[in-house]
Amino acid sequence: MAKKNTSSFSLPRCFGAVIFSLCFFLPKSVLGVKQELRFRKNGEFKILQVADMHYGNGKTTSCLDVFPNQMRTCSDLNTTAFVERMIRAENPDFIVFTGDNIFGFDATDAAKSLSAAFQPAIASNIPWAAVLGNHDQESTLSREGVMKHIVGLKNTLSQVNPAEAHIIDGFGNYNLEIGGIKGSQFENKSALNLYFLDSGDYSTVSAIPGYGWIKPSQQLWFQRTSAKLRRAYMRQPEAQKGPAPGLAFFHIPLPEFASFDSSNFTGVRQEGISSASVNSGFFTTMVEAGDVKAVFIGHDHLNDFCGALTGIQLCYAGGFGYHAYGKAGWSRRARVVVASLEKTEQGGWGAVKSIKTWKRLDDEHLTAVDVQVLWSKRHEGVRRKKQVGGSK
Ligand SMILES: *[C@@H]1O[C@H](CO)[C@@H](O)[C@H](O)[C@H]1NC(C)=O
Ligand SMILES: *[C@@H]1O[C@H](CO)[C@@H](O)[C@H](O)[C@H]1NC(C)=O
Ligand SMILES: *[C@@H]1O[C@H](CO)[C@@H](O)[C@H](O)[C@H]1NC(C)=O
């Protein structure tokens, strides 16, 4: 399923850059345009999700929840090594860090810790993006400062906030389009849409305790962006009948993550769902928009499941970092997501056909577990027909 190819990942991603000027090494400012993300020639687009690195100061920062005999040799550098191994094993097209990238309380210099935490992604020359968790701002930078620092790092497609939204809560709300294959009928269309949101840190409303939530201003931006992308996708040429599938990435679980038990999720739940104590309605907003097929978060390190509710898969990645709480004997892990295009009757490439996922454990062989199909175009068609047939 996943390539064990370790030799090709460091090859320049700008093979062909000479022709297309789309070299990933070049910062956005040089190109003057958004760097382009596209499906690969084999019809796939692969994303590596890294949740909760909790990076501190590097080799002087100790590990949490490893066996006592592992403590002496364990530090943030083990987190770095795990990112490097995952990149080598999976050779993803894109890497997403879903918050608590650093554990601010234990980071002496936020800028330094952020740069160190993202270093393996930067060095890989693979485009990457990050959102904020609830711990990223606990060091020497504010949430805005952290996001601004991230945006200045090499090879990142992260944005502080969308230019078109004049008022929006949080820092690190943006979207990215994944283009169809060059030369195919979808070459000018976004075949897959990625949404990134700042799920906040803590409530600032004294009557409401606990974690932050996705605010109405962010939901309005999401709705408008989703509608705009849908219109473009349904426009000529190759006008499509519905929106392209979307994936959403943020940090704190929505209250709806508590809708499952082991009979209807894949993976494990070993702790409670630490969402905000209020429901700000973002799940319903996504259902209404109709394009998002899966949500990927972190925050609860001991949960790594995916469960489907109202046509949307809600997925944890599981804890990644060694300076994050975890469970000795329960491997740190990462999630991989692959979208695959369908072949058209004419032998070209069409729309997204399916979205699959699995996780890899930081053990000797990077064992892959819980391989599952999150969404498939064919099944959605069948479900729609059933609903129509069953209604009065
Ligand atoms: C951390 O990395 C060191 C050095 O490679 C290694 O010896 C140790 O086993 C790792 N610890 C864990 C818990 O993976
Ligand atoms: C995509 O846009 C380019 C530039 O405008 C155009 O030359 C090409 O024909 C378009 N491709 C398709 C499939 O519409
Ligand atoms: C999962 O199954 C439990 C019963 O075991 C049920 O209460 C719950 O509603 C189900 N959740 C979903 C999303 O189907």
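**Close-up views of the predicted model**

**View 1. Backbone geometry at histidine 54.** Histidine 54 is located in the loop that runs between strand S2 (44-50) and helix H3 (76-90). The model shown here and in the other views is a predicted one. Although not a glycine, histidine 54 has a positive phi, near 50°. Most residues other than glycine have a negative phi. Is histidine 54 buried or exposed? Histidine 54 counts as buried because 31 other C-beta atoms lie within 10 Å, and the threshold for burial is 20 or more.

View 2. Six strands make up an open sheet, arranged in the order S4-S3-S2-S12-S13-S14 with mixed pairing. Strand S4 (128-131) and strand S14 (368-376) are the edge strands, each pairing on one side only. From one strand to the next, the twist averages 20°. Strands of a sheet pair through backbone hydrogen bonds, either parallel or antiparallel. Strand S3 (residues 94-98) and S4 run parallel and are joined by four bridges. Phenylalanine 97 has alanine 130 of S4 as its bridge partner.

View 3. With 17 other C-beta atoms within 10 Å, aspartate 370 is partly exposed.

View 4. Helix H6 (residues 216-233) comprises 18 residues and reaches 25 Å from its first C-alpha to its last, close to the 26 Å expected at 1.5 Å a residue. Its buried residues are Gln218, Gln219, Trp221, Phe222, Thr225, Ser226, Leu229 and Tyr233. These residues lie on the same side of H6, because they cover an arc of only 155° around the axis. The face turned away from that buried side carries Lys228 and Arg231, both exposed.

View 5. Glutamine 236 and proline 237 are joined by a cis peptide bond, with omega about -10°. Most peptide bonds are trans. Proline 237 is placed in the loop between H6 and strand S7 (246-249).

View 6. Which residues are found around ligand 1? They are Val66, Gln70, Thr73, Cys74 and Asn78. This shell consists of two nonpolar and three polar residues, with no charged residue. Around ligand 3 are Ser259, Phe260, Asp261, Ser263, Asn264 and Leu309. The shell of ligand 3 divides into two nonpolar, three polar and one charged.

Conventions:
Residues numbered from 1 in each chain as written. Chains lettered and ligands numbered in written order. Predicted model: local features only at pLDDT ≥ 70, side-chain atom pairs only at ≥ 80, totals over all residues. Near = placed C-beta within 6 Å. Nonpolar A, V, L, I, M, F, W, Y, C, P; charged D, E, K, R; others polar. Pairing = 2+ DSSP bridges. Helix = DSSP H or I, 4+ residues; strand = E, 2+ residues; numbered from the N terminus. Axes fitted to C-alpha atoms, helices over the stretch in contact; angles between N-to-C directions. Expected span 1.5 Å × (residues − 1). Buried ≥ 20, exposed ≤ 12 C-beta atoms within 10 Å, placed from the backbone. Arc of directions from axis to C-beta.
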